[in-house]
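Here are a few notes to read alongside the structure. Have it open as you go.

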Amino acid sequence: MDTFMLLHGSDQIVEVPDLAFGNDHNDYGRGFYCTKEEDLAKEWACKNGTDGFMNRYTVDGNGLKTLYLSDGSHTVLNWIAILLKNRTFSLSSPIALDARQYIIEHYAVDTSDYDLIVGYRADDSYFRYAESFVENTLPLRSLNKALQLGKLGLQTVLVSAKAFQQIQFVNAVPVDRNIYYPKFVARDSKARQTYKEEIARSRSYRDDIFVLDILREEMKNDDSRIQRILLE
């Protein structure tokens, strides 16, 4: 893998990313969360309504192993399983608690052998969709379409000490909250609206799969019923 550029939006300049300062309860656990998309980095820099910085880095990709969660070899259920392991969900019903355990056990991906993870970011709207699915109120087809249509962007996360050794700070560009905070809000609002419109066009759940179906039928990752819906 050649050298490539990553961007990190923040309210401060981060010249030396440090794995020790990562949060274990982020989407993919402790790591340094970046993107390759300039607009996304600038929006994330102002997500709290303040001015920020788009930090630029080069990464020497030689010898780094990357897990791609959105390349077609993994499903939305693999993504949910990783979220359930790392993020804090407000789950109270017996179905949701059983679903959490089952999904982690049968759909989780072992990330310990990777240096980088590339996948969806679980901002507010996506996180609520994931939570609703586990609570058995959102079917699999709707969840999958929400991720496809939302366009909230992909994040690249450095998760190993080796990856942190191969990242180099380039510079930091100031970002104006008056321009990019409204864009941050609009992107999330667009994701929610697009999702609602899609659901309004497709109200039949007769041939869909809810998490309770997965539990009752003990569906695994390669189950043809799951693959049929995800490949539509």
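1. Start with Thr 156, which counts as buried because its relative accessibility is 7% (buried means under 20% relative accessible area, exposed over 50%, partly exposed in between, with a 1.4 Å probe and protein chains only). A caveat: this is a predicted model, where local features need pLDDT of at least 70, side-chain atom pairs count only at pLDDT 80 or more, and totals for chains, interfaces and linings use all residues. Residues are numbered from 1 along each chain as its sequence is written, and side-chain values use heavy atoms, leaving out hydrogens and water.

2. Thr 156 sits in strand β6 (residues 154-158); strands are DSSP runs of E, at least two residues, and helices runs of H or I, at least four, numbered from the N terminus. Leaving aside residues up to four places away in sequence, Thr 156 touches Leu 6, Phe 32, Tyr 33, Cys 34, Thr 35, Ile 117 and Val 118 (contact means heavy atoms within 4.5 Å).

3. One of those neighbours, Cys 34, has Thr 156 as its bridge partner in β6. β2 and β6 run antiparallel, joined by 3 bridges; two strands pair if DSSP finds at least two bridges between them.

4. Now zoom out: the open sheet has 4 strands, ordered β2-β6-β5-β4, with mixed pairing. β2 (32-34) and β4 (66-68) are the edge strands, each pairing on one side only.

5. Over to the helices: the axes of α2 (residues 76-86) and α3 (residues 94-107) come within 9 Å and cross at roughly 120 degrees. Axes are lines fitted to C-alpha atoms, for helices over the stretch in contact, with angles from 0 to 180 degrees between N-to-C directions.
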